[in-house]
Amino acid sequence: MQTRRKVMLPCQQTPLTVIAFFKRAQATVAAGLEVMPRCVPLWIAATQLERQGRNIAETRWTYIAGLRFVPFAAALWLQAIEFEAQVATRQRVELMVEAAGSAGVHRLALEPS
């Protein structure tokens with residue numbers, strides 16, 4: 001009688017801690033951004049990972065970097081403004097809205113749906 005071998009998926013072979021998972025996810029997204037720096041979904045993923053890490057300075061830097069590469073991305077502007085609304089002053093939020101307008105993003109596109 002043959003015995004069945006238990007097959008483990010690659011993700012089951014090495015248990016990841018939460019920190020290791022985030023570092024691996026950040027590395028994956030960073031590698032993607034090196035290849036496609038104008039990909040808005042990758043910038044959104046990068047900023048979400050930074051927000052999960054609760055590092056305000058790194059999150060802000062990631063938003064700024066993303067907006068430099070894709071200044072016309074209303075979704076990225078909206079998330080950056082919502083982030084600033086949570087962690088910064090009203091004046092900084094107003095400056096962000098003004099900067100979005102200067103980049104060509106219509107004010108209505110910045111309203112959450």
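Burial and salt bridges in a predicted model

In this predicted model, the buried residues of α3 are Val40, Leu42, Trp43, Ile44, Ala46, Thr47, Leu49 and Glu50.

Q: What covers the buried residues of α3?
A: The cover includes α2, α4 (56-69) and α5 (74-87).

Q: Why is alanine 25 called buried?
A: Buried means under 20% relative accessible area. Alanine 25 has 17% relative accessibility, so alanine 25 counts as buried. This residue lies in helix α2 (residues 18-35), and its C-alpha atom is separated by 8.8 Å from that of alanine 46, 21 residues apart along the chain.

Q: What makes the contact of glutamate 84 and arginine 60 a salt bridge?
A: The definition asks for a side-chain nitrogen of Lys or Arg within 4 Å of a carboxyl oxygen of Asp or Glu. The N to O distance here is 2.8 Å, so the pair qualifies. Glutamate 84 lies in helix α5 and arginine 60 in helix α4, so the bridge ties together parts that are 24 residues apart in sequence.

Q: Why is glutamate 84 classed as buried, and arginine 60 as partly exposed?
A: The limits are under 20% for buried and over 50% for exposed, with partly exposed in between. Glutamate 84 has a relative accessible area of 3%, so it is buried. Arginine 60, at 22%, therefore counts as partly exposed.

Definitions and conventions. Residues numbered from 1 in each chain as written. Predicted model: local features only at pLDDT ≥ 70, side-chain atom pairs only at ≥ 80, totals over all residues. Heavy atoms only, no water. Helix = DSSP H or I, 4+ residues; strand = E, 2+ residues; numbered from the N terminus. Buried < 20%, exposed > 50% of the residue type's maximum accessible area, 1.4 Å probe, protein only. Contact = heavy atoms within 4.5 Å.
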